[in-house]
Amino acid sequence: MKFSAYICVIAASALLCAPVKAQDHTVSISMTGGTKVEIPTGEIAKIEFTPRSEPKGKLKAMWIDVEANFERLTTRAAIDEELNKIKSHGMNTVYLDVKTSNGYAMYRSDFLPYCDVFGDKSVTRDYDDYLGYFLERCEAIGLDVVASMGATCWGVQTRNGVRQGLIFDQWDKWGDKVQVRSDENNPDLIVPITDDLSQPLALLDPVFPEVQELILKTVGEIVTKYPKLKGICLDYLRYNNNEGGWYGMGEANLKGYAEYWNEPAPHHLDVVTAEGGVGDCFTKWIEYRSALITELLGKIRQTVKSIRPECELQLWASAEWTSRYSVGQNWASKNYKPWGFAYTDTYSRTGFADLLDVFITGAYTENVWIEDAPAGSAWSVENFCKTTPDYLMGDCRCYGSIATYALTPSQMTDATYLCLKHTEGYINFELSHTNYGNKWDATAEGIDKYESETEQDNY
C-alpha cells in the first residue's frame, strides 16, 4: 500500500473533527477499497474488520522505553544483545516507543524530525532507522513488534532545564493548542500546561481539529511504512492528571461542551467552583471530555483498519478505572454502567473498549497480592488483573502490565505469574529496569510458573 492510502483516510476523518454531539446522527465515510461505512458521531460504533488470528500461547512482552534506553541502544550490537535476552527469557513480543514524548520520531518520518536528541542527551547511531532495525532483527529471531506512541505528548519541558519538542519548535502553530487547566489557588486563572514547569510533559488538546489530524497522520504513517508491525499501542490518549487544577478548561473546551449538549457554554467556575468543589456542569463536562477522547479513538481505529485490517489497535492506561473520569478516559465497555458523583446517566456511552483489539491494564504498584495492599485498597497487581475484565465485559482482549522498577525480584516472579494467570498476556515495563535490577531470571521464573501450572492443568 502506498503512503498516499492513509491520506484519504485522514481527509475522511476530517469530516468528523467537529466537536462531538450528544444527539445521534451518522456521516458516510468512503474507506480505502471503496467500502462505505456509516459513522455515528454521538456514540461511536465499532467498525468490524477481520481480526488477526490468535497467536499460539499468551503474549509475553518487554516494553522498551525510548528515554530510559536512549543512550544504550545506539548500536546494532546493543540492540541484538537485548533482543536475544528478551527471547531467551521466554518472551515473544517487544513494545517499542516510536514517537517520543518530545514529538520526534524513532523511525524515518516524512514530516516529524528524527529523534537523535532527548533533553540534554544526544546520540549517534550505527544504523539508519531505529524502528526499521528492530523489525529486521525481531523477524530474524521470532519476536513480534508493537509500536507505541504517546498520542497527546508533543514536548518535554523539565529535562535538566531543557524545553524541547514539536510544540516548541513550531510554537506559532501549536502554542495556543496545548492543554489548559483551572488553578486551585486562583479560581479566576486558566493556566496552559507549558506555563507550569512542574509538569514534565507538554500535551496538546484533542479538542482542536489540527491536533487530531496530527495524531491521525502520525498513526497512519507508522502503520503504512512498517507493514510488519503486529500492532500500534496508544498511551496518553487523555487529558493531563489534575495536578494544580482540572485540564480541559479552555475556551475551545467550553465551546465544545456547549455543542455536545446543545446548550449555552458554561463558565469554567460552573464546572469546578472557586472553592474547588463540584459545579452544576461538572458531570456533563466529565461526559463531554470522555466523549471527545472516545470519538478520536474511533477515528484512529478507522485510520489503522482501513490501511491494514490485521494491525491491532491497543491502548495502555492506568488500571484504576475509578480515577479515569478525571482525565477523560473511559476505557470500559459501553455496557458497564457506573454510579457516583462524577457520572451522568449517559456516561457509559463514552466507553471505548469496543474500539480496541487489546486493552493493557497498567497494574503499576509495589503491592503484588491483594493481602499486600492496605485494607480496602484496590492497589495490587492481583486485584487489577482480576477485576479489569469486569469493566471490559468481553469487548476486547486484556493484557496485564507491571512496573518493574517498583518490584523486588521475588515480587517480579509473582507479578508476572498473576498477569498471565488472570489476563491474556503479560508486559514488563520495562527493559532498563530489568537490566539495572537484574530481574531477568525473576521474569522467566514467573513465566515458567504459569506455563508449568497450565501444563499440569491440561495433563
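Biologist: Helices here are DSSP runs of H or I with at least four residues, strands are E runs of at least two, and the numbering starts from the N terminus. How many helices and strands does the protein come to?

Modeller: The secondary structure comes to 13 helices and 17 strands. Keep in mind that this is a predicted model.

Biologist: Okay, predicted. What is the mean pLDDT of the protein?

Modeller: The mean pLDDT is 90, and 87% of the residues reach 70 or more. Residues 1-56 are another matter, with a pLDDT below 50. That stretch has 120 contacts in the model beyond near neighbours in sequence. Where pLDDT is low, the predicted coordinates should not be read in detail.

Biologist: Good to know. What share of the residues is buried?

Modeller: Of the 459 residues in the protein, 60% are buried. Also, among contacts with a separation of 6 or more, 73% are between residues 24 or more positions apart.

Biologist: Let's talk about Tyr236, then. Where is the place of Tyr236?

Modeller: Tyr236 is in the loop between strand S13 (231-235) and helix H7 (251-261). Its phi is positive, about 55°, although Tyr236 is not a glycine.

Biologist: Is Tyr236 buried, exposed or partly exposed, and why?

Modeller: Tyr236 has 22% relative accessibility, so it counts as partly exposed. The cut-off for buried is under 20%.

Biologist: Which other residue has a positive phi although it is not a glycine?

Modeller: Asn262 does, with a phi of about 55°. Asn262 lies in the loop between H7 and helix H8 (268-271). Its relative accessibility is 61%, so Asn262 counts as exposed.

Biologist: New topic: helix packing. At what angle do H2 and H3 pack?

Modeller: Helix H2 (residues 76-88) and helix H3 (residues 130-141) pack at about 40°, and their axes are 10 Å apart. H2 and H3 are therefore oblique to each other. Their crossing is right-handed.

Biologist: And which residues in H2 and H3 meet?

Modeller: On the H2 side they are Arg76, Ile79, Asp80, Leu83, Asn84 and Lys87, and on the H3 side Tyr133, Phe134, Arg137, Cys138 and Ile141. Sorted by class, this contact has six nonpolar, one polar and four charged residues.

Biologist: Staying with H3 for a second, what about Glu136, buried or partly exposed?

Modeller: Glu136 lies in helix H3. It counts as partly exposed because its relative accessibility is 47%. Glu136 is also 9.2 Å from Lys228 in space, C-alpha to C-alpha, while the two are 92 residues apart in sequence.

Biologist: Now H6 and H9. How far apart are their axes?

Modeller: The axes of helix H6 (residues 209-225) and helix H9 (residues 282-307) are 9 Å apart, and the packing angle is about 30°. The cut-off for roughly parallel is under 35 degrees, so H6 is roughly parallel to H9. H6 passes H9 in a right-handed crossing.

Biologist: Which residues in H6 and H9 meet?

Modeller: In H6, the residues are Gln212, Ile215, Leu216, Val219, Gly220, Val223 and Thr224. They meet Leu292, Leu296, Lys299, Ile300, Thr303, Val304 and Ile307 in H9. By class, the contact divides into nine nonpolar, four polar and one charged.

Biologist: Let me pick a few single residues. Is Ser101 buried or exposed?

Modeller: Ser101 is buried, because its relative accessible area is 18%. It lies in the loop between strand S4 (93-99) and strand S5 (117-118). Leaving aside residues up to four places away in sequence, Ser101 touches Phe118, Cys153, Trp154, Gly155, Val156 and Leu201.

Biologist: And Thr413, which helix is it found in?

Modeller: Thr413 is found in helix H11 (residues 409-422). At 12% relative accessibility, Thr413 counts as buried. Again leaving out residues up to four places away in sequence, Thr413 touches Ala442, Glu445 and Gly446.

Biologist: One last thing, the backbone. Which peptide bond is cis?

Modeller: The bond from Phe429 to Glu430 is cis, with omega near 5°. Glu430 is in the loop between strand S17 (425-429) and helix H12 (431-436).

Definitions and conventions. Residues numbered from 1 in each chain as written. Predicted model: local features only at pLDDT ≥ 70, side-chain atom pairs only at ≥ 80, totals over all residues. Heavy atoms only, no water. pLDDT = per-residue confidence, 0-100. Contact = heavy atoms within 4.5 Å. Axes fitted to C-alpha atoms, helices over the stretch in contact; angles between N-to-C directions. Parallel < 35°, antiparallel > 145°, perpendicular 65-115°, else oblique. Left-handed = near helix turned anticlockwise from the far one by under 90°. Nonpolar A, V, L, I, M, F, W, Y, C, P; charged D, E, K, R; others polar. Buried < 20%, exposed > 50% of the residue type's maximum accessible area, 1.4 Å probe, protein only.
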